[in-house]
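Welcome! Take a look at it, and then read on.

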Amino acid sequence: MRHRPFRIGLTGSIGMGKSTAAAMFRAAGVPVFDADAAVHHLQGPGGALLGAIEARFPGTTSAAGVDRRMLGARVIGQPEEMRALERIVHPAVAGSRAAFLRRHRSRPMVVLDIPLLFETRGERHMDLVVVVSAAPSLQRRRVLRRPGMTAKRFEAIKASQLPDHLKRRHADLVLDTAQPKWRMRARIFRLVACLRTALVR
């Protein structure tokens, strides 16, 4: 008998379709922890990290929360500054994740949607790692459609992440998000159904 939920780590580089996959897992009835959403909450109005971020990166916060574009300009492409930000953010996100796991400890499985899963060595704590992936040309088109995104910013973000081919190599399952959504949804639902069957044995 399992004493904790089966942990599915969901990850992938920017623009690869992770949010779409996460929504499909939710539709299949699996609780999903969204690390990005946790960061937004911690950095939003009244967020717990505003003080520490403002102290380290003056002028990047206000009553509305962190100015993500301004903070990004200070840390993207600057490894030392990025590490300083990660030292503030990662422990807080880990706390949010632990609270999520406590809330869902009676569920058979959960999904942990973590963009930097491999970069933070989080895969060691997962039972199954799912990587979302797509062709570089499709990834680029998706990202450059985002408001405020530039080619230079995209390349800097991509350079800070583990390359897609290495994520694919270390995955237990790769989801091609270039395929029709109905096919991707069907594959996720089959995975969830198979896991539910296996976990009750």
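Predicted model: local features only at pLDDT ≥ 70, side-chain atom pairs only at ≥ 80, totals over all residues.

Helices here are DSSP runs of H or I with at least four residues, numbered from the N terminus.

**Helix H6 and Gln 139**

- Four residues of H6 are buried: Leu 138, Gln 139, Arg 142 and Val 143.
- These residues lie on the same side of H6, because they cover an arc of only 130° around the axis.
- The partner of the buried residues of H6 is helix H7 (151-159), against which they pack.
- Gln 139 has a relative accessible area of 4%, and it counts as buried because that value is under 20%.
- At 2.8 Å, the side chain of Gln 139 reaches the backbone oxygen of Ile 14.
- Leaving aside residues up to four places away in sequence, Gln 139 touches Ser 13, Ile 14, Gly 15, Met 16, Phe 154 and Lys 158.

**Where helices H1 and H9 cross**

- Helix H1 covers residues 18-27 and helix H9 covers residues 181-199; their axes come within 9 Å and cross at roughly 50°.
- H1 and H9 are therefore oblique to each other.
- The crossing of these two helices, H1 and H9, is right-handed.
- On the H1 side, the residues that meet H9 are Thr 20, Ala 21, Met 24, Phe 25 and Ala 27.
- On the H9 side, the residues that meet H1 include Lys 181, Met 184, Ile 188 and Phe 189.

**Thr 60, a buried loop residue**

- Thr 60 sits in the loop that runs between helix H3 (50-56) and strand S3 (61-62).
- Is Thr 60 buried or exposed? Thr 60 counts as buried, because its relative accessibility is 0%.
- The side chain of Thr 60 reaches the backbone oxygen of Phe 57 at 2.7 Å.
- Not counting residues up to four places away in sequence, Thr 60 touches several others, among them Ile 53, Glu 54, Val 66, Met 70 and Arg 74.

**Arg 121 and its phi angle**

- Arg 121 is in the loop between strand S5 (109-113) and strand S6 (128-133).
- Most residues other than glycine have a negative phi.
- Arg 121 is not a glycine, yet it has a positive phi of about 60°.

Methods:
Residues numbered from 1 in each chain as written. Heavy atoms only, no water. Buried < 20%, exposed > 50% of the residue type's maximum accessible area, 1.4 Å probe, protein only. Polar contact = N/O pair within 3.5 Å; in protein donor to acceptor, adjacent residues only side chain to side chain. Contact = heavy atoms within 4.5 Å. Arc of directions from axis to C-beta. Axes fitted to C-alpha atoms, helices over the stretch in contact; angles between N-to-C directions. Parallel < 35°, antiparallel > 145°, perpendicular 65-115°, else oblique. Left-handed = near helix turned anticlockwise from the far one by under 90°.
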